[in-house]
Number of protein chains: 2
Amino acid sequence: MTETLSSAPARGMRDLLPAEVAIRDWAIAAITRTYEQFGFTRIETPAMENINLLRRGEGGENLQLIFEVLKRGDKLGKELAQPSPSKDNLADLGLRFDLTVPLVRFYANNQNSLPNPLKAIQIGPVFRAESPQAGRFRQFTQCDIDVIGMKSEFAEMELVQATSQALLALNFKDFRVRINDRRILSALAESFGFEVTQQDRVFIALDKLDKIGIDGVGKELESAGHKPDSVKQMTGFLEKFKTLDLTQLATAGSDLQVSREQLPQSVSEEVWQALVKVITAVRQVSGGAYKIEFDPTLVRGMGYYTGQIFEIECPGYSSSVAGGGRYDKMVGKFSGRDVPAVGFSIGFERIISILMEKNFKPGKSAEKLALIFEPDRDPLADVIVAANSLRMRGLIVCTLARKKDMGKQLDALVVQDFNSYAVFKGAQAEPEIKQLKT
Amino acid sequence: MTETLSSAPARGMRDLLPAEVAIRDWAIAAITRTYEQFGFTRIETPAMENINLLRRGEGGENLQLIFEVLKRGDKLGKELAQPSPSKDNLADLGLRFDLTVPLVRFYANNQNSLPNPLKAIQIGPVFRAESPQAGRFRQFTQCDIDVIGMKSEFAEMELVQATSQALLALNFKDFRVRINDRRILSALAESFGFEVTQQDRVFIALDKLDKIGIDGVGKELESAGHKPDSVKQMTGFLEKFKTLDLTQLATAGSDLQVSREQLPQSVSEEVWQALVKVITAVRQVSGGAYKIEFDPTLVRGMGYYTGQIFEIECPGYSSSVAGGGRYDKMVGKFSGRDVPAVGFSIGFERIISILMEKNFKPGKSAEKLALIFEPDRDPLADVIVAANSLRMRGLIVCTLARKKDMGKQLDALVVQDFNSYAVFKGAQAEPEIKQLKT
């Protein structure tokens, strides 16, 4: 034990210092308060799940990124005693890579004790073994709301509105909700002649539109071996749709009609009308504080979506700040009976990094005062009594031993967001509170 | 994917339903508010640490309980390609088993960006691969405060007082703080003739006093092969000390003097006086709301304590609700330079289970109303507008589709802590709010 240990966190992991935790706590409180006003309630699932659940959880590419937890004791010994131990048999648990797979298991497990529909808030850490890079971490917080048990598109309306309200509460403005329906994407791909079994790959290419442009999407589809004619129809559609000035039309309310005319007839009227209802309702209740627009190129990565999907973008920031959609076929994998479900997830880490870029400071709940004393001279119990009586007045009081260079000590207090200080003057004397220069 | 998946959480893990999360959130808010009034600030460390850190982290018996995370990709392949792969080389990460080991790494890593002293609040999940049993889980929340960088026993006074105030804020009453010093334990063991190298084992036996009694401790020490004379002196001391009626004496203020007389002369006056100062100061500031008593039989499990140690017990409950102590030698393992440190940890899960046993219900922040509508008939945007205008009045409003049996639906709302409901009557009509019977 004499060797000095490394003090860095594990690769891709972070230490959160007081200033960042204060912003995160403020954001979590603002989000939670908003969602609770909408009648959502917090639930929690464990950070670890059985590895079989995670491996089969429809996590898309996240399945490659699971942190797997080693079996223990005899069970591990048995596996390692095999002639050539298989990687897949060494783990019995894994860390959750999102909050949706655990939520669905949670719902199936506790359905009889839960409200119907369940309107759930989940805020907690998830884990992915990604290659660490700027702004991407291996442990990060997700912040989801889900409605389980409601078939009506009212659930979508409410999720979009609640998430937008939460973003407004976080001081985000003028953001844009993009909305689409997985069934519209399927109808598009089908009408352009892509094979049904190839659709997922078509969507993966389309999902890169913002990054690689229409030409890029075309090339990627071609090199994946799709029929040239199908590829041409797809890029033609994208060209045409992207040149429409829907933003202007949206103000006049005719963007949806124009959009409909671009879509193939195979898009069912029921699917389209549900989308129109959600867009129209959200526009009505938004009061112009944010926009919602139909975007047939919106894909979303996860494989489990079955209906409407949405994403929120902020002007000036490239990646989205929130995303979600309907997944009506997941609960049935556990309970044997499908239950309709929709979710919307705020990109919490993205939000925090934007707030920190903006140098945002959450307001303080109370004045923060340093009560400075001399541990070798002052009667310590009296210092505590004096601090407590200041706390009774509603102040945050941090008792600190006087340092040799008190000027330097006071400067440090300013950095730590203290408003004032007082020097302990004995049990009988009222401490004189002095403001700190900021 | 046709096979139905199991919906139970992993062994020893829990799903937390809305009612329990509400209690937990209330408790965390009460604790955090109290600690913040004392000038402590929240910090966070990741749930995973490098496995070498955890394995060498002085976690005592917790080292046997680490969940280890499998290496990935080529690194794992390389280990498995060995003739007989070693268990110890398969993992590169592990889940933290407490918040103290990570805190010390955090402090060493971020010392230059942190206030000095650091007064830290940590609330978060820790993981131990224990055999699951009633009330013991493999993931549980810990709730710690620590002062790093203060040598004076003022730190102990403040931690004991802040933790006690937090317990009072959680509606706990008449609890008893037990306090001792590791150096007193060592002096006792030494004066009874136990070998210095055997002291840790002596303390492990002594730690079981409450469970197995004085005879049990004696038998355990004997069967471990300690000298019969040393064992006899130890049990003699325990007999004598336990028959003193210190509770009565504490009121008169003479319990400390009587206790001192029982201790061997080898207990240094400095150690003893520091303990007397803490006990006296805490008694002075407690206002009789809780007790603090010297208890030379208090041990605490962890190996890293170097000075005073404490535990809090509640009348009517066997295991302690909080515990902590001074650990001045841990930071040096990382930074090469020792920094004084003291911590106090609330047994959060114990607190929650006691609150739930007592059927405690946290007060609601606002009236909770169900706005009931018919999704197939009512204009959905208007329902949202009506809900929003009720929310503007400060109500929590949960929009719910009307069920066939509305009487049954209203009964279910009562269970979910709704106060009132209203049936949507159209955009123009003011919804009529009706109270729910409780």
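## Where Phe38(B) sits

Helices here are DSSP runs of H or I with at least four residues, strands are E runs of at least two, and both are numbered from the N terminus. On that basis, Phe38(B) falls in the loop linking helix 1 (18–37) to strand 1 (41–42) of chain B. Keep in mind that this is a predicted model.

Buried or exposed, then, is Phe38(B)? With a relative accessibility of 3%, Phe38(B) counts as buried, because the cut-off for buried is under 20%. Setting aside neighbours within four places in sequence, Phe38(B) has contacts in chain A with Asn388(A), Arg391(A), Val397(A) and Cys398(A). In chain B, Phe38(B) touches Glu158(B), Gln161(B), Ala162(B) and Gln165(B). As for Phe154(B), it is 116 residues from Phe38(B) in sequence, with 13 Å between their C-alpha atoms.

## How the two chains pair up

Turn chain B by 180°, shift it 0.0 Å along the axis, and it lands on chain A with an RMSD of 0.1 Å. The copies are therefore related as by a two-fold rotation axis. Within chain B, the residue closest to that axis is Val69(B), its C-alpha 2.2 Å away.

The interface residues of chain B are 100% shared with those in chain A, so the copies meet through the same surface.

## The nonpolar cores

The largest nonpolar core has 121 residues, and those touching the most other members are Leu371(A), Tyr35(B), Phe172(B), Trp272(B) and Phe294(B). Helix 12 (residues 269–286) of chain B supplies the largest share of this core, nine residues. Apart from this core there is another, of 120 residues, including Phe172(A), Ile184(A), Trp272(A) and Leu371(B).

Back to Trp272(B): beyond four places in sequence, its contacts are Ile184(B), Leu256(B), Ser259(B), Arg260(B), Leu263(B), Val267(B) and Phe294(B).

How values were computed: Residues numbered from 1 in each chain as written. Chains lettered and ligands numbered in written order. Predicted model: local features only at pLDDT ≥ 70, side-chain atom pairs only at ≥ 80, totals over all residues. Heavy atoms only, no water. Least-squares fit on C-alpha atoms with pLDDT ≥ 70 in both. Contact = heavy atoms within 4.5 Å. Core = buried A, V, L, I, M, F, W, Y, C linked by side-chain atoms within 4.5 Å. Buried < 20%, exposed > 50% of the residue type's maximum accessible area, 1.4 Å probe, protein only.
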